[in-house]
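Biologist: Please take a close look at one residue for me. Then connect that spot to the rest of the chain.

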Amino acid sequence: MFIEENYVLLSHNTFGVVAKARWFIAYTDEQDLRKILADEYFRSLPVFHIGGGSNLLFISDYEGIILHSGIKDTEVVKEDEEFVYLKAGAGMLWDDLVHDTVCRAWGGLENLSGIPGEVGAAAIQNIGAYGCEAKDVITEISAYDMQTGEKQTIPCVECAYAYRDSIFKKAWKGRFIITHVTFRLSKKPHYRLEYANLQNFFAGKEINLKMIRETIIALRAAKLPDPKVLGNAGSFFMNPCLSKTCYERLKKSYPDMPCYPVNQGEVKIPAAWLIEQCGLKGFQQGNAAVYDKQALVLVNKGNATGEEIVRLAEKVQESVKNKFRIDLHPEVIYLP
Ligand SMILES: Cc1cc2nc3c(=O)[nH]c(=O)nc-3n(C[C@H](O)[C@H](O)[C@H](O)COP(=O)(O)OP(=O)(O)OC[C@H]3O[C@@H](n4cnc5c(N)ncnc54)[C@H](O)[C@@H]3O)c2cc1C
């Protein structure tokens with residue numbers, strides 16, 4: 001177990017913002033985690049469990065405990081003719097897990113290749129890309145309840161999964177520490193290539209999981225900034241959902257406004273399009289900017305503070321609201 005006071009979190013947030021935690025505790029196994037949960041001093045302070053910090057924005061120092069998991073084991077817990085049920089430690093890097101499953105020719109995670117962060121957070125966030133979401137393959141979650149200190153197994157159906165959302169972000173916010181996530185992976189190929197015309201990349205070729213993974217990684221690299229080069233947390237805002245009636249009304253003024261169907265009565269509008277229409281693509285304010293190749297991403301141009309990035313986000317929200325009467329909600333979590 002690693003414990004340090006006044007710990008600098010620079011390498012624990014992909015925005016590259018300088019912030020300190022009063023305490024930083026990195027545990028490597030469940031035994032250590034149980035000790036931490038039973039500790040009275042620990043229980044007296046605010047606690048935030050961090051993953052890879054790729055969806056967070058530290059606005060100031062954190063006057064409590066930042067916890068981090070080093071649980072990285074994987075285990076096949078069940079197997080039949082069609083599926084493998086793989087249980088993976090919450091502290092494992094998400095993309096290492098994807099790489100591992102693709103190498104073993106187990107399908108299900110390949111479209112989620114290249115997403116930063118760790119396995120535990122993927123289950124909290126319901127990460128998604130290229131037409132797939134983590135919820136499509138999660139079967140259950142093992143977690144400690146911070147209120148009781150007891151371990152629980154939570155089936156996927158109880159997680160209230162939705163677009164970038166789960167019960168862990170709402171009613172159970174901050175309550176559970178995830179130790180493992182179990183995925184149902186397919187032994188037989190069921191490729192999902194409908195989104196963004198992925199199939200065009202493989203025309204005339206015999207497809208396999210490795211090709212899909214490599215193509216998606218290349219597509220992502222062309223669109224998104226590498227946090228090691230330019231601090232960012234991926235999509236800063238969620239794509240807003242509108243009623244079809246509202247969309248039809250707006251379309252009269254903005255005939256080019258794109259949309260994707262959500263259900264019979266609702267559509268999703270790409271937030272990047274809305275931001276671009278406000279003329280903000282590439283816009284810089286202080287040390288923070290709207291990424292010039294993808295308006296949904298806010299970037300740290302060097303030494304930006306969390307507050308500077310929040311001010312830029314507010315400017316974007318205000319502009320979109322004034323022009324379209326649409327509220328943009330951050331996908332990124334502000335701390336504290
Ligand atoms: C360049 C880039 C591209 C991205 N692309 C995508 C994308 O395509 N699709 C997508 O969905 N997201 C994307 N993201 C966002 C981000 O990668 C995901 O949200 C990811 O799941 C965050 O993982 P993390 O480990 O960094 O979590 P953090 O940002 O550290 O934390 C996220 C949340 O998870 C909680 N958490 C973390 N670990 C645990 C645990 N063990 N127990 C309980 N709670 C925990 C935290 O408390 C917090 O609420 C991108 C980010 C970047 C920087």
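Modeller: Start with lysine 244. Beyond residues up to four places away in sequence, lysine 244 touches Gly265, Glu266 and Val267. This is a predicted model, so read every value here as computed. Lysine 244 lies in helix H6, which covers residues 244–253. Proline 261 is 17 residues from lysine 244 along the chain, and their C-alpha atoms are separated by 9.0 Å.

The assignment gives domain 1 (2–69), domain 2 (74–223) and domain 3 (231–241 + 272–335). Between domain 1 and domain 2, the centres are 24 Å apart, taken over C-alpha atoms. These two domains meet through 11 residues of domain 1 and 13 residues of domain 2. On the domain 1 side, helix H1 (residues 30–38) gives the most, with four residues. That side has three nonpolar, seven polar and one charged residues.

For contrast, go to valine 18. This residue sits in the loop between strand S1 (2–8) and strand S2 (20–27). Valine 18 is also partly exposed, with 14 other C-beta atoms within 10 Å. Leaving out residues up to four places away in sequence, valine 18 touches Val8 and Leu10. Tyrosine 7 is 11 residues from valine 18 in sequence, and the two are 11 Å apart in space, C-alpha to C-alpha.

Next, the interior. In soluble globular proteins, nonpolar side chains tend to be buried together. The largest nonpolar core here has 85 residues. Leu57, Ile178, Val181, Ile275 and Leu298 have the most contacts inside that core. Strand S12 gives the most to the core, with six residues. Leaving aside neighbours within four places in sequence, isoleucine 275 is in contact with Leu280, Lys281, Val290, Ala295, Leu296, Val316 and Val320.

Then the ligand. The shell around the ligand holds 34 residues, and Gly51, Gly117, Gly120, Ala121 and Gly234 come nearest. Two or more shell residues come from each of strand S3 (47–50), helix H4 (119–125), strand S8 (128–129), strand S12 (176–186) and strand S13 (231–235). Helix H4 gives the most, with five residues. By class, the shell divides into 18 nonpolar, 14 polar and two charged residues.

Finally, the whole chain. The secondary structure comes to eight helices and 20 strands. The radius of gyration is 21 Å, close to the 20 Å that the globule rule gives for 336 residues, so the chain is as compact as a globular protein of that length. The C-alpha atoms fill a box of roughly 60 × 50 × 35 Å along the principal axes. Buried residues make up 38% of the 336 residues. Of the contacts with a separation of 6 or more, 62% join residues 24 or more positions apart.

Key: Residues numbered from 1 in each chain as written. Predicted model: local features only at pLDDT ≥ 70, side-chain atom pairs only at ≥ 80, totals over all residues. Near = placed C-beta within 6 Å. Nonpolar A, V, L, I, M, F, W, Y, C, P; charged D, E, K, R; others polar. Domains from an automatic or database assignment. Contact = placed C-beta atoms within 7 Å. Core = buried A, V, L, I, M, F, W, Y, C linked by C-beta atoms within 7 Å. Buried ≥ 20, exposed ≤ 12 C-beta atoms within 10 Å, placed from the backbone. Rg over C-alpha atoms; globule rule 2.2 N^0.38 Å.
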